[in-house]
Amino acid sequence: MQESILSAGIDIGTSTTQLIFSRLVIENVSGFGMIPKIEIVKKEVVYRSNIYDTPLISNEEIDGEAVRRILENEYKIAGVKTSDLSTGAVIITGETSRKRNAREVVNALSELAGDFVVATAGPDLESVLAGRGSGAAALSEKTGSLVANIDIGGGTSNICYFKNGKVVDTACLDIGGRLIKINNERITYISDKMKGFLKKKNIHLSEGDRVSLSGGENIRKLIDITACMTDILEQSVGLVKKTDDLEFMKTNKLIEYDGIPDIITFSGGVADCIYKEYDDEFKFHDIGILFGKSIAESTGFKDYLTGNASETMRATVVGAGNYSMDVSGSTIEYQNCRFPIKNIPVVYVDIAENDIDSLAERIKKNAEAVKDGEKHKQIALASKGIRCPSFEQIEQMAEQITEAMKDDIEDGSILLIVIQADIGKSLGQAIKRRLGRDKPVVCIDSVSCKYGDYIDIGEPMSSGKVLPVVVKTLIFQTEEGR
Amino acid sequence: MSEEIRDITQMSMMDMVDYSGINNPDELRKLKERTPARIGIGHTGARYKTLPMLRFLADQAAASDAVFTEVDEAVIKKLGVFEVKTKCSSKYEMLTRPDWGRIFDEDQKQIIKEKCVANPQVQIYFGDGLCSPSIGANIPDLYPAIRKGLEYENVTVGTPFFVRYCRVNTARTIAPLLGAKVTCTLIGERPGLLTSESMSAYITYNARPDMLESEYTVVSNISRHGIPPVEAAAHIVDLILEILEKKKSGVNLS
């Protein structure tokens, strides 16, 4: 039996604000006599909003009220009520996420997007969402190639490498079409990072300077700057030799994966400027079109410009609506919990067949690191688990976990366990036998997460068999392995 | 000469792959990751190569052995249960007389009645079925997990036992004999080339001689190669609870 749910994706970016609604179809795909296996079998964008300029009060503040008005109006046009939504993601991306009131704005919008929301994204997740939304992930799965998606927005460029449909690396650079804004042939804004870059490159250009498309020194400077930006992008995907410019422009991390992409796809607002011709290059009052032109003319990217991103401008928002949510395994266990559960930090532990007896100790140690002195902090315990454990091993694991989490459970925390191996139900039942019926327990499987991730769990679906899950990778990967 | 003889059945079929003459090895690897079927194993003209050929024979022999061998008495002893047998007197007879594989002589019925707790909510028993190795491979993890799970839910579970030369429809005799509401037959399933230790659970409400085949709820493919026994057990616990609550099983359940 099929069941379909409606998901919202809302992206408030540096330059634009967009909304999509998509329909996710879930279905039990397993056959007769088999344990149920509920999967998302279809994802379809059913409504695309207009693309709006992100309303700002100043360069430091988002106009939250104006954003809300835009979205409410789009809901009305689409004929969608908040109560129709089962899941959704509001994300603030790029430079906008660094605005002073970003978090309050997202929180204020949460109610519009239904109960189950990714509140903030962060550069790594943004890269992944854009790459999935642009079709790069699907392309890598289909072709088996290493596909890099570069999502160039107003303030940042989010890069994601995919191999066989899976994310292998991400990066983010402070490069975008709106680092410099122009109005009436006058420069009205230069981002702080760009100011630093201009100083570094010894290019003299400041807010208030006149710039004319018909010629002059300053337009040449802008063209030089966009050429530099293109060069940095080429460096970032290993097409040309790396310089310290790349390091200077990185947001949080660069690509570490060893290998040059077979295919590069471009998405984001600037991607459209690569493929299209414009009469007025300051049509969008920024350097986006010049930047796009520079990429189109670059020698490094020339062989890659095949135009195969299925979404450009809307890649991130489609990614947010379609790909942020997944469903847990279908044999899981939970009791006494109120959903959704949001923003729970993940504590990762390894479990092997021969070291279960020291599991409690290791959980305590790793939990300590994540809690960082906060005694009453809710955590999610994650592990790859053991593929086919014996009954004895399940009992042992349950014993060790309940022992390690004793204080948390007493404090009223949910015992939240996320296992990758298909053992969630057996482990959950073994844990319930130890804790009784009153304690809140969630034990899900077939979800992989790691140290540094955060997890959201939504309301049960498919008559309670599965839980929708969003794993958010927010923290820089360099801390991995702690 | 090397003393060591390699056991060719140890390698997973998913790792047996022949890339010679393959233009895109990455794609073949992806296909291999999705199925344990015998694809991408190379060929010589129209024939198998030596290793895949030997492996095929070995797997087929294991499957055939699984059907024809007896469950060792030591295995039953280790499980700590008593043993009865159906009307069949040998494996051969069980295969040729399915009708005898589902009924018992009087003395065997008497043993069951004497040794078992009467009127349990759930009666669980084990049968060799078409796969003897499945008993030793799965019951030690499967059974205690089901039992513990049911007991936690305050469901009474009867005395377990082993039936030699067993077919699924023994449930039609055993349920009325013991007054069990639900019977759960854990029985070896017909082996294939991939696994020769898989087990199924046939669960039914109010099993009786005139019941329909469609009243069985089945969970199949229980083995370390398929659904891990402990996870299958947890699922079976929930199924049994649902069946007890709704007082029906099989296709009537959905």
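These legends go with a set of close-up views of a predicted two-chain model, chains A and B.

Residues count from 1 along each chain as its sequence is written, and chains are lettered from A and ligands numbered from 1 in the order in which they are written. Since this is a predicted model, local features need pLDDT of at least 70 and side-chain atom pairs pLDDT 80 or more, while totals for chains, interfaces and linings use all residues; side-chain values use heavy atoms, with hydrogens and water left out.

**View 1. Strand β14 of chain A, covered on both faces.**
Here is β14(A), residues 263-267; strands are DSSP E runs of at least two residues and helices are H or I runs of at least four, numbered from the N terminus. 5 of its 5 residues are buried, so the strand is largely enclosed by the rest of the structure. Buried means under 20% relative accessible area, exposed over 50% and partly exposed in between, with a 1.4 Å probe and protein chains only. In a regular strand the side chains alternate between the two faces of the sheet. On one side sit A:I263, A:T265 and A:S267, and on the other A:I264 and A:F266. β14(A) pairs with β9 (residues 146-152) of chain A in the parallel sense, over 5 bridges; pairing takes at least two DSSP bridges between the strands. One to look for is the bridge between A:D151 and A:S267.

**View 2. Helix α11 of chain A, mostly covered.**

**View 3. Two salt bridges within chain A.**
A salt bridge here is a side-chain nitrogen of Lys or Arg within 4 Å of a carboxyl oxygen of Asp or Glu. A:E311 and A:R48 meet at 2.6 Å, N to O. That pair links distant parts of the chain, 263 residues apart: A:E311 is in the loop between α10 (299-302) and α11, and A:R48 is in strand β3 (residues 38-48). A:E311 is buried at 13% relative accessibility, while A:R48 is partly exposed at 38%. The other pair is A:R178 with A:D286, at 2.7 Å, N to O. A:R178 comes from the loop between β11 (166-173) and β12 (180-183) and A:D286 from the loop between α8 (269-275) and α9 (288-297), so this bridge ties together parts 108 residues apart in sequence. Both A:R178 and A:D286 are buried.

**View 4. Where chain A meets chain B.**
The contact draws 32 residues from chain A and 30 residues from chain B, with contact meaning heavy atoms within 4.5 Å. Together the chains bury about 2,400 Å², 53% of it on carbon and sulfur atoms. On the chain B side, B:Y152, B:V230 and B:E231 lose the most area to chain A, together 28% of what that side buries. Buried area is the accessible area (1.4 Å probe) that two parts lose on being put together, summed over both. There are 4 salt bridges between the chains. A:E141 forms a salt bridge with B:R34, the closest N and O atoms being 3.5 Å apart.

**View 5. A nonpolar patch on chain B.**
B:Y48, B:M53, B:L54 and B:L57 make a nonpolar surface patch of about 350 Å². Patch residues have over 30% relative accessible area and no salt bridge; like charges are joined within 9 Å, and nonpolar side chains (Val, Leu, Ile, Met, Phe, Trp, Tyr) within 5 Å. Areas come from the Shrake-Rupley method with a 1.4 Å probe, and for residues only the protein chains shown count as cover. B:L54 lies in helix α2 (residues 50-68) of chain B and is partly exposed at 42%.

**View 6. B:S198, buried in a loop.**
B:S198 is in the loop between β4 (182-188) and β5 (199-205) of chain B, and its relative accessibility is 4%. Leaving aside neighbours within four places in sequence, its contacts include B:C131, B:N138, B:E189 and B:N221.

In chain A, the peptide bond from A:F339 to A:P340 is cis, with omega near 0°. A:P340 sits in the loop between β16 (333-335) and β17 (341-348). In chain B, B:N119 has phi near 55°, a positive value in a residue other than glycine. B:N119 is in the loop between α5 (106-115) and β2 (122-127) and is exposed at 58%. Phi of B:K247 is near 55° too; B:K247 lies in the segment after α8 (229-246) of chain B and is exposed at 55%.
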